[in-house]
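This report concerns the domain interface and the charged side-chain pairs of one protein model. Please consult the sequence and the structure shown here alongside the text.

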Amino acid sequence: MKDRPIYLDNHATTPVDPLVLEAMLPYFTENFGNAGSAGHSYGWEAAAAVKQAREAIAQSINAAPEEIIFTSGATESNNLALKGIAEAYFSQGRHIITVQTEHRAVLDPCAYLETLGFEVTYLPVQPDGLLELDFLEKAIRPDTVLVSVMAANNEIGVLQPIDKIGAICHEKNVLFHCDAAQAIAKAPIDVQAQNIDLLSLTAHKIYGPKGIGALYVRRKNPRVNLAAQLHGGGQEREKRSGTLYVPQIVGFGKAVEIALANQPEENERLKHLRDRLWNKLQNIPNCTLNGDFSQRLPHNLNISFADIDGASLLLGLRHTVALSSGSACSSGKPSHVLQAIGRTTAECQASLRFGIGRTSTIADIDQVAIAVQKTVTSLRQMSAD
Ligand SMILES: *Cc1c(COP(=O)(O)O)cnc(C)c1O
């Protein structure tokens with residue numbers, strides 16, 4: 001019996017992989033030690049588990065283990081990066097550059113920094129959702145200390161040209177922070193090749209537990225200074241105090257290992273399902289794909305339907321499929337990302353974000369396509385009657 005809708009909201013969160021949970025469980029009970037307890041085997045066991053996870057995460061982005069700071073998730077990582085850099089470099093400059101389509105966990109810390117006297121430039125994007133590199137180059141000033149651009153957008157799935165952004169920042173001697181919460185294991189991330197100085201990660205978008213993430217902070221060429229935002233026991237090289245959440249860290253490491261081992265095949269499978277869904281949905285009249293199609297996460301579609309009441313659309317679909325209109329975090333308000341690529345308020349509300357996942361099947365996709373087609377058609381008929 002199937003009583004719950006098909007889950008296509010994998011940009012909001014993903015279920016914990018059973019193998020991840022299995023790896024975590026002993027660290028709640030038998031191996032409960034504090035990773036900072038250097039004097040006994042309880043502490044050593046915990047520290048060894050943290051070390052292994054740290055190495056796996058570092059390796060997945062081509063970083064060194066000492067460059068990984070564990071946090072509570074990408075929101076905290078973004079806050080630590082933006083506030084920590086602003087504070088550490090304010091005598092060199094108080095200008096930060098970001099993009100209008102960033103996650104709120106970047107935009108809101110930027111707005112907060114503006115209240116403290118920092119100046120922030122919010123670059124627009126092109127109608128395909130991608131950043132115009134010329135605009136970035138022209139926005140960089142002598143007092144610019146940081147550029148923050150996400151790798152993959154959580155609503156429209158577009159992949160920003162982070163290789164080129166990193167190269168520009170490197171050449172102009174400006175630090176580059178990248179929110180990779182959606183990109184990890186879906187798009188190539190290499191902090192060396194891409195000249196990334198700070199990178200935000202989270203576990204719960206890749207089948208790991210919620211409440212754990214990391215910030216990569218470059219230690220050479222250049223060595224990045226970062227002002228801690230949490231003070232206390234001095235964990236994580238004094239950059240983020242607090243007893244390490246060992247079971248979550250173990251789960252994060254395991255989730256990264258699994259995602260990377262299966263990355264090429266799984267991304268091909270997701271892309272295949274995504275293309276199948278788009279092929280079916282584009283037969284619906286007056287629908288628009290939001291965001292560039294080729295520079296895109298393999299599991300994302302975001303579609304606006306013209307002449308439809310957005311609330312009725314979601315209501316009509318809620319028994320068949322669990323998904324978001326715009327972004328889960330700002331539901332209610334029209335999506336700032338869709339507005340930035342030129343959608344009207346009504347179009348924003350009549351938009352659906354599909355996030356296909358590890359458990360999605362061809363049958364799921366076909367069922368969802370039929371439900372969307374039916375719902376859109378009947379809502380349009382009702383409003384025409
Ligand atoms: C989910 C997400 C975040 C927030 O991550 P949390 O770990 O839930 O705090 C930040 N940025 C992007 C792009 C995201 O998709």
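The sections below treat the domains, their interface, the salt bridges and one arginine in a loop.

The model is predicted: local features require pLDDT of at least 70 and side-chain atom pairs count only at pLDDT 80 or more, whereas totals for chains, interfaces and linings use all residues. Residues are numbered from 1 along each chain as its sequence is written, and side-chain values use heavy atoms, with hydrogens and water left out.

Domain 1 supplies 33 residues to the contact and domain 2 supplies 35 residues, where contact means heavy atoms within 4.5 Å.

The size of an interface is often given as the accessible area lost when the parts come together. Between domain 1 and domain 2 about 2,800 Å² is buried, and carbon and sulfur atoms give 52% of that area. Buried area here is the accessible area (1.4 Å probe) that two parts lose on being put together, summed over both.

How many residue pairs are in polar contact between domain 1 and domain 2? The count is 20 residue pairs, both residues being at pLDDT 80 or more. A polar contact is a pair of N or O atoms within 3.5 Å; within protein, one must be able to donate a hydrogen and the other to accept it, and residues adjacent in sequence count only if both atoms are side-chain atoms.

On the side of domain 1 that touches domain 2, at least two residues each come from α8 (263-281), β10 (300-305) and α10 (336-340). Helices (H or I, at least four residues) and strands (E, at least two) are DSSP runs, numbered from the N terminus. Helix α8 gives the largest share of this side, 5 residues. The residues of this side of domain 1 comprise 11 nonpolar, 17 polar and 5 charged. In this grouping Ala, Val, Leu, Ile, Met, Phe, Trp, Tyr, Cys and Pro are nonpolar, Asp, Glu, Lys and Arg are charged, and the others, Gly among them, are polar.

**Salt bridges**

Side chains of opposite charge can pair when their charged atoms come close. The whole structure holds 14 salt bridges, including those tabulated here.

| Salt bridge | N to O distance |
|---|---|
| R104 and D108 | 3.0 Å |
| R141 and D143 | 2.9 Å |
| R343 and E347 | 3.5 Å |

R104 and D108 lie about one helical turn from each other because they are 4 residues apart in helix α4 (residues 104-115). R104 is partly exposed at 34% relative accessibility, and D108 is partly exposed at 39%; the class lies between buried (under 20% relative accessible area) and exposed (over 50%), with a 1.4 Å probe and protein chains only. D143, at 26%, is also partly exposed, as is R141 at 28%. A network of salt bridges links E119, R141 and D143. E347 is partly exposed at 27% relative accessibility.

**R240**

R240 lies in the loop between β8 (213-217) and α7 (246-261). At 16% relative accessibility, R240 is buried. The side chains of R240 and E76 make a polar contact of 2.7 Å. Beyond neighbours within four places in sequence, R240 is in contact with residues including I69, F70, E76 and L230.

How values were computed:
A salt bridge is a side-chain nitrogen of Lys or Arg within 4 Å of a carboxyl oxygen of Asp or Glu.
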